[in-house]
Amino acid sequence: QVQLAESGGGLVQAGGSLRLSCAVSGRTFGTYSMGWFRQTPGKEREFVATITWFDGRTTYADFVKGRFTISRDNAKKTLYLQMNSLKPEDTAVYYCAERRSGGQFGSWGQGTQVTVSS
């Protein structure tokens with residue numbers, strides 16, 4: 001099992017950029033993929049992007065394609081989300097999570113706030 005800690009959120013103007021980080025503690029053996037999700041008060045938590053831990057295959061939600069890039073550094077045990085061309089509707093708490101092989105996303109961080117002003 002792992003412990004996750006997000007960082008890098010903040011306040012930016014529309015069109016700006018942020019890079020979120022997620023530090024992974026514990027054993028990653030058995031980790032299939034890592035993902036980023038986001039949630040705004042009153043809305044369901046939504047999928048943003050995932051990456052397989054071993055070979056780096058990625059998936060993205062349609063609304064972030066071409067703007068966000070998910071990556072990971074296995075040696076540093078850190079997950080990243082590079083966020084470019086930010087829009088006010090990207091404002092949310094962003095969470096990282098781990099999915100183990102054969103299972104669902106079960107380990108979650110506590111989130112980092114991203115606020116995009118117009």
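I begin with S33, whose contacts (heavy atoms within 4.5 Å) are I51, T52, W53, A97, E98, R99 and F105, leaving aside residues up to four places away in sequence. S33 sits in strand β4, residues 31–39. Strands here are DSSP runs of E with at least two residues, helices are runs of H or I with at least four, and both are numbered from the N terminus. The relative accessible area of S33 is 4%, so S33 is buried. For accessibility, buried means under 20% relative accessible area, exposed means over 50%, and partly exposed lies in between, with a 1.4 Å probe and protein chains only.

A word on the basis of these values. The model is predicted, so local features need pLDDT of at least 70 and side-chain atom pairs count only at pLDDT 80 or more, whereas totals for chains, interfaces and linings use all residues. Residues are numbered from 1 along each chain as its sequence is written, and side-chain values use heavy atoms, with hydrogens and water left out.

Let me turn to the cysteines. A disulfide is a covalent bond between the sulfur atoms of two cysteines. With the criterion of cysteine sulfur atoms within 2.5 Å, the count is one disulfide. The bond joins C22 and C96, with 2.0 Å between the sulfur atoms. Distant parts of the chain are linked by this pair: C22 belongs to strand β3 (residues 18–26) and C96 to strand β9 (residues 92–100), 74 residues apart. Which hand does the disulfide have? The torsion about the S-S bond is about 60 degrees, so the disulfide is right-handed. C22 and C96 are both buried.

Next, the aromatic rings. Rings of Phe, Tyr and Trp, the last by its six-membered ring, pair if their centres lie within 6.5 Å; planes under 30 degrees apart are stacked, over 60 edge-to-face, and the rest tilted. The structure has four such pairs. One of them, F37 with F105, is edge-to-face, at 5.1 Å centre to centre and 75 degrees between the planes. This pair also links distant parts of the chain, F37 being in strand β4 and F105 in strand β10 (residues 105–108), 68 residues apart. F37 is buried at 10% relative accessible area, whereas F105 is partly exposed at 22%. F105 also pairs with W108, in a tilted arrangement with 6.4 Å between centres and 50 degrees between planes. W108 is partly exposed, with a relative accessible area of 33%. Ring pairs join F37, F47, F105 and W108 into a cluster.

R45 lies over the face of Y95, 4.0 Å from the ring centre. R45 also lies over the face of W108, at 4.5 Å from that ring centre.

Finally, the charged pairs. Side chains of opposite charge can pair when their charged atoms come close. Taking a salt bridge as a side-chain nitrogen of Lys or Arg within 4 Å of a carboxyl oxygen of Asp or Glu, the count is six. D90 bridges to R38, with 2.9 Å between the closest N and O atoms. D90 is in the loop between β8 (78–83) and β9, and R38 is in strand β4, so this bridge ties together parts 52 residues apart in sequence. Are these two residues buried or exposed? D90 is buried, at 1% relative accessible area, and R38 is buried, at 5%.

D90 has another bridge, to R67, at 2.8 Å from N to O. R67 lies in the loop between β6 (58–60) and β7 (68–73), so its bridge to D90, in the loop between β8 and β9, ties together parts 23 residues apart in sequence. R67 is buried, with 10% relative accessible area. Through shared partners, salt bridges join R38, E46, R67 and D90 into one network.

Another salt bridge connects D55 and R57, at 3.0 Å from N to O. D55 is partly exposed at 42% relative accessibility, and R57 is partly exposed at 47%.

Conventions: A charge sits over a ring if NZ of Lys or CZ of Arg is within 6 Å of the ring centre and within 35 degrees of the ring normal.
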